[in-house]
Amino acid sequence: MKKLRLLLPLLIALAAAPATAQTSDTASAAAPVRNQAAREAFLDRLMQRMTVDEKIGQLRLVSVPAGANPDKPRLLADIRAGRAGAIFNTVTPHDIRVLQDAAMQSRLKIPLFFAYDVIHGQRTIFPIGMGLASTWNMDAIRQTGRISAIEASADGLDMTWSPMVDISRDPRWGRTSEGFGEDTYLTSRIGAALVRAYQGDDPAARGSIMAVVKHFAAYGAVEGGRDYNTVDMSPQRLFQDYLPPYKAAVDAGAAGVMIALNALNGVPATGDKWLLQDVLRKQWGFKGITISDHGAILEMIKHGVAADGRDASRLAITAGADMSMSDTMYGENLRPLLDSGRVRMADIDRATRDVLRVKYDLGLFQDAYRRIGSPQDDPPDINAESRLHRGAARSVARESLVLLKNQGDALPLKKQGTIAVIGPLAKSQRDIMGNWSAAGQADQAVSVFQGMANALGDRARLLYAKGANVIDDPEIVKYLNLYEQDVEVDPRTPAQLVDEAVATARQADVVVAVVGESQGMAHEASSRTDIVLPESQARLLRALKATGKPLVLVLMNGRPLSLVWESENADAMLETWFAGTEGGNAIADVLFGDYNPSGKLPMTFPRSVGQIPLYYNHLNTGRPFDPQNPDKYTSRYFDAPNGPLFPFGYGLSYTTFGVSDVTLSRTSMPRGGKVEASVTVTNTGTRDGATVVQLYIQDPVASISRPVKELKHFQKVLLKAGESRQVSFTIDEKDLSFYNAQLQYGAEPGLFNVYIGLDSQDVKRGSFTLR
Ligand code: NOJ
């Protein structure tokens with residue numbers, strides 16, 4: 001591997017084009033600072049006045065959580081002495097002001113910047129990443145980013161640790177919930193759109209915050225889906241599938257990059273000079289700050305590449321990790337490392353300058369309080385309703401819901417009769433917000449039960465029973481509740497809970513079971529070895545099924561689940577992820593047909609955990625399994641089908657759509673040319689509805705084996721009942737390009753297949769050749 005790593009920079013230098021998914025969202029970077037020369041001259045002057053210790057202080061990123069803090073006096077003294085560069089986890093203008101006041105008492109009055117995990121909203125919580133991706137609607141996603149920035153900036157924040165663009169093909173990994181799924185192109189589009197939305201035209205503007213894309217690189221590929229585990233992958237896969245989303249975010253102007261906790265091919269990313277300098281800075285031209293993840297510098301000791309904290313600090317700073325998050329490593333070690341000649345002043349200067357440049361671009365040298373404001377402007381009630389954006393939250397949440405099954409038109413429900421709402425998540429306000437819910441308040445979130453009650457008024461009778469605890473295993477409950485209260489346990493026995501639910505179901509015309517995962521089950525440090533519903537809930541569903549009542553499942557979960565029994569036994573299934581503050585209202589909109597669902601899966605749903613990794617853009621192998629002609633010595637399992645339960649890109653509607661054959665503007669494309677591919681999409685049902693038309697490309701004969709198909713374009717279209725529309729896509733050479741065995745990027749001449757359809761399996765084919 002070492003040999004390959006040595007070879008890689010050379011190969012990459014030879015590469016014809018960088019790893020990127022060029023899209024309208026990535027085409028131009030966010031507006032640059034108007035006068036870069038003036039900025040650099042300012043930074044020169046400032047740096048000349050700074051002592052070494054003040055420079056090192058700028059590299060320290062300190063976590064200051066809300067609540068009683070016995071260390072506050074020491075922290076404030078540190079800030080006054082210039083020993084902190086930035087703060088995260090402090091989230092109100094009032095609390096932030098106290099810290100900035102201390103910075104203004106420091107010798108050089110260098111302002112702090114303030115960051116937070118604003119991942120899917122700050123006060124208004126939008127659907128989690130998987131939900132946002134399920135909308136396939138860039139305008140909607142942009143809107144969530146803009147509102148997040150406006151709310152975060154109104155809370156005094158300057159920066160968010162988002163977007164998280166780690167591609168994942170492994171639903172065992174709890175952090176799949178935060179990302180945008182398995183696809184490189186979709187994730188790249190979303191990452192770039194969010195960066196632009198957060199930063200706006202000018203990151204210095206009040207109402208804009210800076211974006212820090214994470215986790216660089218390939219954190220989503222941790223082995224076995226076990227968090228923080230090792231990542232090992234071929235350079236082709238890395239450059240083709242895993243790096244482009246980070247690159248797209250960088251191209252869109254992301255101010256920062258957070259470094260992944262994992263090792264990549266044996267080298268912890270925090271100490272990976274090749275990654276942080278050769279790829280990020282030299283190849284991609286990144287000019288912002290790099291930030292180590294929580295405690296990651298120190299963790300290089302446990303990774304086995306540093307002898308002690310000093311060694312780890314040396315590795316990190318020389319590799320190019322500018323700021324150290326939440327550890328004391330840089331503060332303690334950089335000075336002695338410098339004095340002993342093991343670290344060069346140039347390394348410290350470079351990192352310091354990156355930090356100061358960000359502060360300059362944020363406008364903090366002009367006005368350190370530009371987002372914090374004055375005390376008289378502090379909101380009298382930080383959690384006031386008026387500070388939320390409920391309308392946008394509801395409309396994005398509705399679009400994030402994916403209808404997985406709807407047998408016999410079980411949905412939409414009629415607003416009449418008696419409806420039993422059952423399940424441990426039905427009344428949960430905390431879970432519906434999902435993990436990383438920033439400053440969101442659970443008591444402001446709308447549960448599924450409440451949303452349904454709001455929709456019904458007194459038109460129908462709504463019954464409720466909890467039916468089960470989210471999970472019964474006390475050890476797991478203990479684990480989930482370790483750092484925050486996640487699972488609330490009903491002390492009744494499982495049998496008592498089920499009995500009550502069955503009795504409730506018997507009184508109803510239809511049962512809506514709200515089941516899945518608690519928010520903490522799909523989070524950082526929440527990896528699972530199985531991805532089924534916990535037995536407590538599976539047992540409940542079996543009992544509800546036995547009542548013979550129509551059974552509608554509302555699924556709340558952060559990762560694809562294996563839902564074989566459920567898909568065979570439920571009448572309808574609605575995947576709702578964690579839909580945010582307005583989740584309950586949005587879910588009710590879909591359940592009662594006030595909104596026609598249009599979400600599509602951004603990640604394959606396997607039948608069983610044993611199929612993982614299961615992803616749509618796999619290679620064909622030399623012995624592909626053919627279900628039409630099943631044979632033994634093919635690439636298959638003998639105890640289960642090969643394919644997914646629900647494929648990537650899949651999602652139903654209350655109407656139906658037809659897609660015509662593919663027409664191509666030409667069948668032979670010259671180098672540098674374009675081909676237009678079109679289909680006519682018809683709403684063949686009786687309701688207006690939206691769907692996502694997806695275009696995939698396959699290069700069936702190339703110098704290396706290429707995926708059976710890869711998403712290259714998509715369009716979300718809204719069609720009235722009976723309406724037809726031509727949907728066209730322009731294919732160019734970049735859509736055909738890939739990294740070959742020598743890591744050269746480009747398209748190879750020959751035949752290409754174009755697949756267009758409404759999910760990754762249900763497609764029509766056309767083909768053309770590249771000359
Ligand atoms: C660790 C997580 O990996 C990262 O995503 C997050 O931004 C930081 N902690 C800060 O909370």
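How many residues of domain 1 are in contact with domain 2, and how many of domain 2 with domain 1?

Reply: First, some ground rules. This is a predicted model, in which local features need pLDDT of at least 70, side-chain atom pairs count only at pLDDT 80 or more, and totals for chains, interfaces and linings use all residues. Residues are numbered from 1 along each chain as its sequence is written, and side-chain values use heavy atoms, with hydrogens and water left out.

Now the answer. 20 residues of domain 1 touch 25 residues of domain 2. Contact here means heavy atoms within 4.5 Å. Domain 1 spans 124-362, domain 2 spans 402-598, and domain 3 spans 657-770. These bounds come from an automatic or database domain assignment. The C-alpha centres of domain 1 and domain 2 are 34 Å apart.

Next, the area. Together, domain 1 and domain 2 bury about 1700 Å², and 58% of it is on carbon and sulfur atoms. On the domain 1 side, Ile125, Ile128 and Pro171 lose the most area to domain 2; together they give 34% of what that side buries. Buried area is the accessible area, taken with a 1.4 Å probe, that two parts lose on being put together, summed over both.

The rule finds one salt bridge across the interface of domain 1 and domain 2. Arg175 and Glu524 join their side chains in a salt bridge, at 3.7 Å from N to O. The rule asks for a side-chain nitrogen of Lys or Arg within 4 Å of a carboxyl oxygen of Asp or Glu. The same interface has 15 residue pairs in polar contact, both residues at pLDDT 80 or more. A polar contact is a pair of N or O atoms within 3.5 Å; within protein, one must be able to donate a hydrogen and the other to accept it, and residues adjacent in sequence count only if both atoms are side-chain atoms.

Most residues other than glycine have a negative phi, and most peptide bonds are trans. The bond from Ser162 to Pro163 is cis, with omega near 5 degrees. Pro163 sits in the loop between strand E4 (159-160) and helix H8 (184-199). Helices (H or I, at least four residues) and strands (E, at least two) are DSSP runs, numbered from the N terminus. Leu411 to Pro412 is also a cis peptide bond, with omega near -5 degrees. Pro412 lies in the loop between strand E11 (402-406) and strand E12 (418-422). Ala218 has a positive phi, near 70 degrees, though it is not glycine. Look for Ala218 in the loop between strand E5 (210-216) and helix H9 (235-242).

Five strands make an open, mixed sheet in the order E19-E27-E26-E21-E22. Its edge strands are E19 (668-669) and E22 (710-719), each pairing on one side only. Two strands pair if DSSP finds at least two bridges between them. E26 and E27 run antiparallel, joined by eight bridges. They form a hairpin with five residues between them. Leu751 faces Thr769 in E27. E21 (689-698) and E26 (750-757) are antiparallel as well, with five bridges. Leu695 has Ile756 as its bridge partner in E26. By contrast, E19 and E27 (763-770) run parallel, with two bridges. Met669 has Leu770 as its bridge partner in E27.
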